Amino acid sequence: MPTAVNFKERICALRPGDQVGGAGDVDLLYAFESDRGRIINSAAIRRLQQRTQVFPLERNAAVRSRLTHSMEVQQTGRFIVRTLYAQLGERAADYGLDGLQGALESLVEMTCLMHDIGNPPFGHFGEFAIGEWFDRALDGLFAVAVGHPQGNHELHARMRADLRNFEGNAQAVRLVVSLQRLRLTYTQTAGLLKYLRPAYEPKPGKGAVGAYLNKKPGFYLSEEGFVAELQQVLGQAPDTRHPVAYIMEAADDISYCLADIEDSVEKGILSVTELAPLLVSTFEKLQSPDTPIPGSQHSFRGLVDQALQRYHQEEINKAGEFFVRLRVSMIHPLVQHAARQFIDNIEAVHAGTLDRALIEDDSLPHAIVQTFKDVAMARVFCHREVETLQLQGHRIIQGLLDSYGALLRVDAQTFVELTEGNCRREAYLQMLVRRLPGQLIKAYRQAVRECDEAERAAWEFYHRCRLIQDFISGMTDQHAHDEYRTLSAL
Ligand SMILES: Nc1nc(=O)c2ncn([C@H]3C[C@H](O)[C@@H](CO)O3)c2[nH]1
Ligand SMILES: O=P(O)(O)OP(=O)(O)OP(=O)(O)O
Ligand SMILES: [Mg+2]
């Protein structure tokens with residue numbers, strides 16, 4: 001049965017700078033293969049290997065970093081696409097999905113691999129620490145740098161709000177588009193736009209239309225023009241998501257919930273024998289643990305019991321065997337559920353208006369994911385060792401901003417001299433500026449060159465603040481830690 005849904009409209013090979021209808025518009029797989037090369041070879045991906053997933057500054061490489069987590073999300077994303085096609089069968093053509101499996105797999109895989117590249121050192125805590133510092137310091141700094149009574153007050157208010165809302169997903173878009181300048185196809189970049197509002201807009205109230213899709217900032221003022229261009233090229237209405245983003249989100253949810261718990265066991269925070277009954281009792285608060293799970297031969301209790309049996313039978317890698325069993329029996333029903341939700345809501349997913357995650361309903365699969373998240377929240381994130389590390393991460397980020405924030409107190413002319421490396425009267429600041437990556441300074445210069453002349457002072461200061469946020473958020477945990485110690489003479 002033909003429908004109005006045609007996914008071919010949402011997937012094209014065009015890149016920024018290509019002529020519409022030109023060579024770039026031809027071979028999808030070739031274009032997406034090129035995207036893969038650009039992404040996998042980027043420094044931003046490599047930096048994920050030393051960033052926090054759950055445990056900051058972790059030395060045990062068996063515990064997940066952002067990079068190993070992202071590789072797992074990539075695999076889950078690919079599995080969802082394959083399952084989606086298996087479930088659709090001949091119906092793929094009804095939605096214009098025929099002939100697109102390879103392209104969709106590649107798009108989803110690379111979106112998953114990139115999904116956390118904007119996350120700062122120390123995870124959510126790092127994000128929080130950057131926001132907090134700017135929230136405290138920005139108004140004063142802005143007033144000194146820009147505070148003339150004329151000028152576009154609305155724009156200035158937007159800039160300040162934008163800079164107060166540092167957010168990993170918005171930073172990911174900025175990295176790809178403005179900093180690493182990967183020049184990915186519009187379609188590949190579109191999957192990264194997980195949330196839809198600019199960072200300067202307030203969070204909508206609960207129950208408002210699009211409350212979920214606008215839960216967090218999705219992009220910054222600095223990339224606003226690019227986002228509008230992307231939506232126009234892909235025929236996406238403003239305030240809508242690309243379908244690939246829904247799959248990435250589901251793959252992330254499925255992957256991290258079990259992985260966080262496995263890592264906690266690896267670190268000795270939880271034992272398997274303590275965990276198994278805790279999982280069942282936590283699940284019981286959401287759903288009956290004895291109801292059979294669709295797509296599985298087991299109930300939740302059965303699934304956990306079976307994994308525990310393996311644990312007792314195994315002599316050497318006991319916890320490893322427990323988690324292998326649990327993962328194998330969980331992943332199939334969860335992935336099938338994500339694919340089924342995609343199909344059951346295909347019109348809203350295609351339009352990008354589905355205002356929830358694919359795996360977020362009152363189903364048993366959702367209860368499974370939620371159970372693992374609840375156990376992590378109750379037993380892991382608040383563990384003393386984890387909190388100690390988070391407190392240290394917070395101090396490190398704030399300390400680095402205290403040091404580098406001094407660069408926001410000089411006038412524009414002095415800052416330009418500093419970036420040129422010959423400001424002798426500000427010897428201390430000059431040494432700090434020499435430590436900033438040249439690539440970030442170039443991106444700052446270009447942004448200032450291209451800004452609106454009438455609001456030059458405000459834009460210069462905005463981009464200088466962005467530069468500082470880019471620098472700090474682009475560090476690895478280890479680099480931030482070392483740099484903080486160095487500057488504190490510790
Ligand atoms: N250490 C730590 N403290 C938290 O409060 C916290 N909240 C979430 N997370 C982890 C879970 C997912 O892997 C990932 C995405 O939610 O981040 C946390 N990690
Ligand atoms: O993994 P993170 O830290 O990005 O956390 P998340 O739960 O995926 O949240 P978000 O919706 O901010 O990507
Ligand atoms: Mg995320």
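Domain bounds here come from an automatic or database domain assignment. For this protein the assignment gives domain 1 (7-114) and domain 2 (270-379). The model is predicted: local features need pLDDT of at least 70, side-chain atom pairs count only at pLDDT 80 or more, and totals for chains, interfaces and linings use all residues. Residues are numbered from 1 along each chain as its sequence is written, and chains are lettered from A and ligands numbered from 1 in the order in which they are written.

The C-alpha centres of the two domains lie 24 Å apart. Nine residues of domain 1 are in contact with nine of domain 2, contact meaning C-beta atoms, placed from the backbone, within 7 Å. The side of domain 1 that touches domain 2 has six nonpolar, three polar and no charged residues; Ala, Val, Leu, Ile, Met, Phe, Trp, Tyr, Cys and Pro count as nonpolar, Asp, Glu, Lys and Arg as charged, and the others, Gly among them, as polar.

The largest nonpolar core has 129 residues. Such a core is a set of buried Ala, Val, Leu, Ile, Met, Phe, Trp, Tyr and Cys residues joined through C-beta atoms within 7 Å, buried meaning that 20 or more other C-beta atoms lie within 10 Å of the residue's own. Among the residues with the most contacts inside the core are Ile247 and Ile254. Leaving aside neighbours within four places in sequence, Ile254 is in contact with residues including Thr76, Ile331 and Ala338.

Ligand 2 is surrounded by Asp116, Asn119, Gly123, His124, Gly168, Asn169, Lys216 and Asp252, each with its C-beta atom, placed from the backbone, within 6 Å of the ligand. This shell has no nonpolar, five polar and three charged residues.

How values were computed: A residue is buried if 20 or more other C-beta atoms lie within 10 Å of its own, exposed if 12 or fewer, and partly exposed in between; C-beta atoms are placed from the backbone. Two residues are in contact if their C-beta atoms, placed from the backbone, lie within 7 Å.
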